[in-house]
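Hi,

Here is the structure I promised to pass on. Have a look at it first, and then read my notes below.

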Amino acid sequence: MKIGIVCYPTFGGSGVVATELGLELSKRGHEIHFITYKQPVRLELLSNNVHFHEVHVPEYPLFHYQPYELALSSKLVDMVKLHGIELFHVHYAIPHAYAAYMAQQMLKDEGVYVPIVTTLHGTDITLVGSHPFYKPAVTFSINKSDAVTSVSESLKRDTLRLFDIKNEIEVVPNFIDIEKHEPNFTDCQRSAMANENERIITHISNFREVKNIPDVIKIFNGIQKEVPSKLMLVGEGPEKEAAEYLVEELCISEKVVFFGNSNEIDRILCFSDLFLLPSQTESFGLAALEAMASSVPVISSNSGGLSEVNKDGFSGYLSTVGNVSEMTEKALQILKNDDSLNQFKLNAKAQSLNFDIHAIVPKYESIYQKTLSKCLVK
Ligand code: GMT
């Protein structure tokens, strides 16, 4: 199949999922065209089967806001004409599903029907999409998609609760390429980050309010009072500065490393003992899954789809949002001795195997096939 993938090219989970999906589909013989405003961060290798088409939005002084949707829908039309793309798979409803629908209508006018598969990722539904300013357009684009998927049962429930949806929503969980997370480091240089007697606690995110960064720091503060440890904070975002102030206020600056965005997530996870994800809301928690695939247990909140990913008492623990003292206590239970930590590490890895890329990607392929045959009649 010739598939056009539309996504955000940044470090966010939806872009990562879209990129990994495209790469795996290309290995399975499909021709993949990534269409977005920048080369996706995890798209390093371009091959015969993988193409990247950049959407340019020319600046024009009349526009207070540059019309990205318009440029994207025009680009989609051109790419179908040039490359014979048969199906659009758009990740994150806003504005991708909307732009794809416009492209579909323009193409339909010329006698070509390109079906749209829309994957809902989380904030496009729970935070941004349900805002009254966007809601009618998001509802419309979901209902006009030829197939809709969501990354967790919890997100499907939220979508049905928040929007008037007429379409079927199929849950296809996010996935992980287990092989990429096999330890291939002879030495991940743990000693450069911490002393041998210290535990390494890690958090990776886009540092938005929803990630509850102050709780990450407070939980770590409680841990380090009992167990010698270091905190690795990976990512960039609007809450980072406040986080730096809080670390200073708690006098733990020497124990906290701010990495910024990193392409060395595998190495960081390789030397981590525990992952913290106390988010206010999380449709899935891809970062937690990546941690587990690297044998790192997870202390998380129980919001959204996190309980579908992290198994309480097995791959880590879950607590209600904001319950810092319980999260600290559970973290200490995991870290209390080597036996307990090693058992949780084994369990985390075992739990991640349920999300193996080789089991999940065929679900998308079968959705594409079903959608294409259903749309032949349109
Ligand atoms: O977490 C973010 O803020 C980024 C966002 C995105 O769209 O990139 O992540 C969402 O999609 C991820 C991939 O499906 C999920 O793993 C995240 O849980 C989800 N984030 C939220 O729901 C807050």
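Which residue lies over the face of F163? That's K135, at 5.8 Å from the ring centre. Keep in mind as you click around that this is a predicted model.

Now for the rings that pair with each other. A pair of aromatic rings is described by the distance of the centres and the angle of the planes. The count here comes to 7 aromatic pairs, and I picked two of them for you.

One of them is Y8 with Y92, an edge-to-face pair with 5.4 Å from centre to centre and 85 degrees between the planes. Y8 sits in the loop between strand 1 (2–6) and helix 1 (13–27), while Y92 is in the loop between strand 4 (87–91) and helix 3 (93–108), so this pair ties together parts that are 84 residues apart in sequence. As for how much of each residue shows, Y8 is partly exposed, with a relative accessible area of 23%. Y92 counts as buried, because its relative accessibility is 13% and the cut-off for buried is under 20%.

The other is Y364 with Y368. Their ring centres are 6.5 Å apart and their planes are at 25 degrees, so this pair is stacked; the cut-off for that is under 30 degrees. Both belong to helix 14 (residues 357–375), and because they are 4 residues apart there, about one helical turn separates them.

Methods. Residues are numbered from 1 along each chain as its sequence is written. This is a predicted model: local features need pLDDT of at least 70, side-chain atom pairs count only at pLDDT 80 or more; totals for chains, interfaces and linings use all residues. Side-chain values use heavy atoms; hydrogens and water are left out. Rings of Phe, Tyr and Trp (its six-membered ring) pair if their centres lie within 6.5 Å; planes under 30 degrees apart count as stacked, over 60 as edge-to-face and the rest as tilted. Helices (H or I, at least four residues) and strands (E, at least two) are DSSP runs, numbered from the N terminus. Buried means under 20% relative accessible area, exposed over 50%, partly exposed in between (1.4 Å probe, protein chains only). A charge sits over a ring if NZ of Lys or CZ of Arg is within 6 Å of the ring centre and within 35 degrees of the ring normal.
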